[in-house]
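Subject: Structure handover

Hi,

My notes on it follow below.

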Amino acid sequence: MEFTKKPSSIEQQLQLLIQRGMDVGDHDTAKKWLETVGYYRLSAYWLPFEKPPANGNARSKVFESGATLSAVTDLYVFDRRLRVLVLEAIERVEVHVRSRWTYHMAHAHGAHAHLDHRLFSGFLNHAEQLVRLARAVEKSEETFILHHKGKYTDPYSPPLWSATELMTLGELSKWFQATKDNSIKSQVGRDLGLPTKETVEGTLQVLALTRNICAHHGRLWNRRTVKRLPKIKRFKNDLVLVSEGAQEENDNRLYNILVVLLHMMDKQATDSTWRDRLRSLIEAQSDSDRAKMGFPTDWRARPVWNA
């Protein structure tokens with residue numbers, strides 16, 4: 001099928017919302033939202049306000065009675081605030097992982113452990129990752145990288161504690177997963193409050209996916225991740241399980257990710273207000289909104305929310 005849609009003006013977008021049954025409120029305010037955020041981005045947030053589709057269609061594109069643009073923009077603002085909080089927590093976890101893996105690797109295998117392909121499994125294309133790292137070093141304007149390049153010629157790569165600062169969380173996750181020294185993985189797991197290397201690997205992969213959503217300003221609040229968190233027995237009283245065939249798996253909505261982040265933040269033993277700020281934001285939403293995020297009805301009574 002040939003794509004034939006033409007771009008519409010702000011006024012046309014506004015009239016289309018009205019025709020489909022939305023109360024847009026003050027027209028000037030509505031137009032400002034369409035100008036500053038955009039019709040397409042906002043459309044992800046008014047999907048819950050549309051009538052159920054019929055005849056096998058993906059969407060009805062008709063709004064339920066009482067649907068308002070102000071409710072849509074409230075949901076958008078909530079999601080934006082939620083992304084900021086989640087990104088803050090993931091950043092702290094990422095720095096923690098980076099610090100502990102670097103520390104244990106460097107003490108066990110030397111300052112340039114990342115250059116020794118024998119320390120990593122075939123899961124990691126070691127040569128490709130070193131090329132990627134070399135390009136990052138070449139482009140970097142960080143003071144610590146410029147200092148290394150200006151003072152040392154051999155090896156070209158900076159030491160591990162500098163090199164990891166140039167890795168994304170996704171790249172760091174791959175380096176960690178490919179590490180052959182299981183004792184280091186176990187040590188990092190203990191540092192993070194996770195019981196096994198497998199749970200560290202799986203958790204980092206999910207957090208990397210979540211971080212990418214936040215960093216690119218994607219819709220987060222009711223998103224389902226393509227990968228599930230691993231089962232973590234010590235968190236069983238907080239996590240939500242769902243039946244998948246003959247077995248139970250962690251629900252792949254945001255609630256479980258928030259639970260794991262709360263536990264990992266607690267392990268850092270810092271005086272953080274993150275739990276209080278998160279809970280305050282969540283409390284302000286409706287039961288329906290929380291349910292779409294995977295929150296159980298008894299979430300307030302679960303241990304992690306009362307630590």
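Trp46 and Phe63 are both buried, where buried means under 20% relative accessible area, exposed over 50%, and partly exposed in between (1.4 Å probe, protein chains only). Their ring centres lie 6.1 Å apart with the planes at 85°, so this pair is edge-to-face. For the terms: rings of Phe, Tyr and Trp (its six-membered ring) pair if their centres lie within 6.5 Å; planes under 30 degrees apart count as stacked, over 60 as edge-to-face and the rest as tilted. The pair links distant parts of the chain, 17 residues apart. Trp46 sits in helix α3 (residues 39-46), and Phe63 in the loop between α3 and α4 (69-109). Helices (H or I, at least four residues) and strands (E, at least two) are DSSP runs, numbered from the N terminus.

Before you go further: this is a predicted model, in which local features need pLDDT of at least 70 and side-chain atom pairs count only at pLDDT 80 or more, while totals for chains, interfaces and linings use all residues. Residues are numbered from 1 along each chain as its sequence is written, and side-chain values use heavy atoms, with hydrogens and water left out.

More on the aromatics

The whole structure holds ten aromatic pairs. Tyr255 and Phe295 form one that is edge-to-face, because their ring centres are 4.7 Å apart and their planes are at 70°.

Which charged residues lie over rings? Arg100 lies over the face of Tyr103, 4.8 Å from the ring centre. Lys185 has its charged end over the ring of Phe176, at 5.9 Å from the centre. The test: NZ of Lys or CZ of Arg within 6 Å of the ring centre and within 35 degrees of the ring normal.

Backbone points to check

The peptide bond from Asp154 to Pro155 is cis, and its omega is near -5°. Pro155 is in the loop between α6 (143-151) and α7 (160-163).

Two residues other than glycine have positive phi. Lys61 has phi near 60°. Lys61 is in the loop between α3 and α4 and counts as partly exposed because its relative accessibility is 34%. His217 also has phi near 60°. His217 is in the loop between α10 (197-215) and β1 (241-244), and its 47% relative accessibility makes it partly exposed.

A contact means heavy atoms within 4.5 Å. The neighbours below leave out residues up to four places away in sequence.

- Gln129 is in helix α5 (residues 126-139). Its relative accessibility is 7%, so Gln129 counts as buried. It touches Leu124, Glu171 and Trp175.
- Thr164 is in the loop between α7 and α8 (169-178). Its relative accessibility is 1%, so Thr164 counts as buried. It touches Arg98, Trp101 and Thr102.
- Glu244 is in strand β1. Its relative accessibility is 36%, so Glu244 counts as partly exposed. It touches Arg228 and Glu249.

Overall numbers

The protein has 13 helices and two strands. Its C-alpha trace spans about 65 × 45 × 40 Å along the principal axes. Of its 307 residues, 43% are buried. Among contacts with a separation of 6 or more, 64% join residues 24 or more positions apart.

The accessible surface is about 16,600 Å², and carbon and sulfur atoms make up 50% of it. These areas come from the Shrake-Rupley method with a 1.4 Å probe; for residues, only the protein chains shown count as cover.

How far apart are the centres of the positive and negative side chains? They lie 3 Å apart, for 45 positive and 37 negative side chains. Lys and Arg count as positive and Asp and Glu as negative, with His and the chain ends not counted. Each charge is placed at NZ of Lys, CZ of Arg, CG of Asp or CD of Glu.

Best wishes
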